[in-house]
Every structure is written in structure tokens, then in C-alpha cells.
Amino acid sequence: MAYPGVPSSLEERGRILRELGFVTRRVGDELHGRAEITPEMHVPGTAVLRTSVLATWADTVSGLLASLAMGPRVPVTLELDVNLYRPAPGTGEVRAVGRTVKAGRSVFVAEFEFSVDAEPIALGAASFMVAPDPDVQLPPRLSVELPPTTERLPMPLAERAGCLRVAPGTVVLPRSADGLNASDTINGGLLALAAEEAVLSLAPGDSLGFLGLRYVLGARVGPVVADARLHEGLGRVEVRDTGNDNRLTTLATARVFGR
């Protein structure tokens with residue numbers, strides 16, 4: 001399970017995701033977000049925005065909506081999927097719109113859409129549950145409106161996160177303070193990055209048209225290892241926390257565009 005991007009009082013925590021420059025604001029019952037695409041967000045060897053970046057922003061929008069319904073209890077991500085109409089552009093301002101689908105006592109569901117220059121590029125949905133530990137609480141003055149920041153990725157995202165391709169289909173992602181969420185586990189957006197990198201290492205020069213994530217357990221120790229297999233363009237990825245008895249943290253499904 002992954003905790004959505006919630007601001008923390010610790011300066012380093014979550015810094016990598018803040019460097020994506022995502023800003024949110026409430027518009028009626030919706031939560032809108034926006035961010036400028038930079039080359040550091042591209043799939044390696046292409047001018048295409050990473051699908052894992054869209055997944056990170058989707059988790060942020062949906063998770064903040066979930067916090068409104070579930071607070072002060074902490075919502076944790078169960079499932080999230082991003083579906084692209086075509087390879088994402090490499091420039092422009094991405095705009096996101098998140099909406100509540102269901103706000104139950106134990107489960108929350110949101111949907112989201114992404115566009116660039118008013119042209120739809122992706123859509124998807126996410127589900128959340130209340131964190132099992134009742135002592136884990138959201139900040140008392142949590143705002144779902146994330147303000148602009150001057151922080152930006154100083155290098156390509158995978159390099160910034162220390163996400164390393166060690167063999168075809170295998171990626172290692174370390175646990176670092178600037179990649180954690182407020183529950184001290186590796187942020188779900190970075191687990192999405194690891195899953196994406198594992199698949200793309202088997203399909204160089206391609207990008208993902210679909211990324212589905214099932215968060216099973218928080219990645220608390222690290223490093224995590226993502227192992228992918230790809231057949232006729234459809235990939236399956238297991239992400240495991242090697243420092244925690246190699247337990248499965250995330251199960252991902254992906255489809256590449258060019259196959």
C-alpha cells in the first residue's frame with residue numbers, strides 16, 4: 001500500500017516528488033492540478049513524458065481528495081491505473097482534473113483526467129482504504145491546495161531517484177529520505193517509476209500506454225527490486241522490498257505502445 005503525496009514538516013521527505021512542480025487547487029467538488037513538462041521527466045531516449053510521472057500526479061490528486069473524505073485518518077492507495085490515448089507529449093503544461101466517485105466509510109474511489117493544451121492525453125482511477133493504524137493521523141491543518149515551488153528536477157527522474165537498471169527486466173530503487181512519504185515508506189510514485197523502468201528496459205525507446213498498480217504492502221526498508229517480464233507488449237512486474245524479507249510491495253501491469 002502506498003501513502004499519497006501529503007506534505008510533511010520534514011524538509012527532505014518527498015522532495016523528489018516536489019521537484020516535479022505539481023500544483024493543485026480546489027474547483028468546486030473537483031481538485032485541479034497542473035505542471036510544466038521538463039526534459040528530466042522524459043522516457044530515456046525519447047521526447048515523451050513518463051507514464052509514471054502521470055501516475056504520481058494521479059496519486060497526488062486522488063489521495064488529496066481521499067484525505068478530505070477520510071481525514072483525520074490516513075488514506076493509503078490500494079489500486080491506481082493510468083490509460084493513455086497516445087504517447088504523451090514532451091513539452092507543454094499538463095492539466096489534471098480529479099473527481100470523487102465514491103466516498104465510503106472504508107473505501108474511497110476517485111477518477112482523473114489529464115490534458116495538454118486542452119487535448120486529452122490520459123485518464124484513470126484510484127482506490128484507497130483507511131490506514132489500519134488509528135494512531136497514524138493526517139496533519140491537523142492539511143491543505144489539498146499544493147502551492148507553487150521553485151524546486152525542479154536537477155537531472156533525469158530515474159537518476160534523481162537512484163533507480164538503476166541492473167539487468168534486462170530488473171531495476172533497483174533505494175530507500176532515501178527525499179523519496180519517502182509521511183508514513184516513512186517509499187512513495188508510491190517512485191514504485192511506479194521502478195515498475196516502468198523495469199518494463200522499458202525490455203523495450204528500449206518505447207513508452208507505456210497503460211500502467212496499473214496494485215499496492216500490497218508499504219516499502220519500509222529497501223532497496224526495492226522490480227522484476228518485469230514482457231510478452232507481446234504486455235508486461236507484468238513484481239516490486240519487492242529486499243530489506244523486508246523480500247516481501248511483495250507492488251504488483252504492476254503495463255502495456256507498451258509500440259508492440
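This is a short tour of a predicted model, going from an annotated span to a cavity and then to some salt bridges. Residues are numbered from 1 along each chain as its sequence is written. Because the model is predicted, local features need pLDDT of at least 70 and side-chain atom pairs count only at pLDDT 80 or more, while totals for chains, interfaces and linings use all residues, and side-chain values use heavy atoms, with hydrogens and water left out.

Select residues 53-114 to begin, the span that UniProt lists in an unreviewed entry as "domain: Thioesterase".

Next, select Ile16, Leu17, Leu20, Thr56, Leu157, Gly189, Leu190 and Leu193, which line the largest cavity; a cavity is a set of points on a 1 Å grid over the protein atoms alone where a 1.4 Å probe fits but cannot get out, and lining residues have an atom within 4 Å of a point. Helix α4 gives the largest share of this lining, 3 residues, where helices are DSSP runs of H or I with at least four residues.

Now move to Arg50 and Glu197, whose side chains meet in a salt bridge at 3.0 Å, N to O, the term standing for a side-chain nitrogen of Lys or Arg within 4 Å of a carboxyl oxygen of Asp or Glu. Both Arg50 and Glu197 are buried, meaning under 20% relative accessible area, against over 50% for exposed and in between for partly exposed (1.4 Å probe, protein chains only).

Finish at Asp245 and Arg247, a salt bridge with its closest N and O atoms 4.0 Å apart; here Asp245 is exposed at 64%, whereas Arg247 is partly exposed at 42%.

Definitions and conventions
1 Å grid on protein atoms, 1.4 Å probe; cavity = no way out; pocket = protein on both sides within 12 Å on 5 of 7 lines; lining within 4 Å. Helix = DSSP H or I, 4+ residues; strand = E, 2+ residues; numbered from the N terminus. UniProt positions renumbered as here; feature names shortened; annotations may be inferred.
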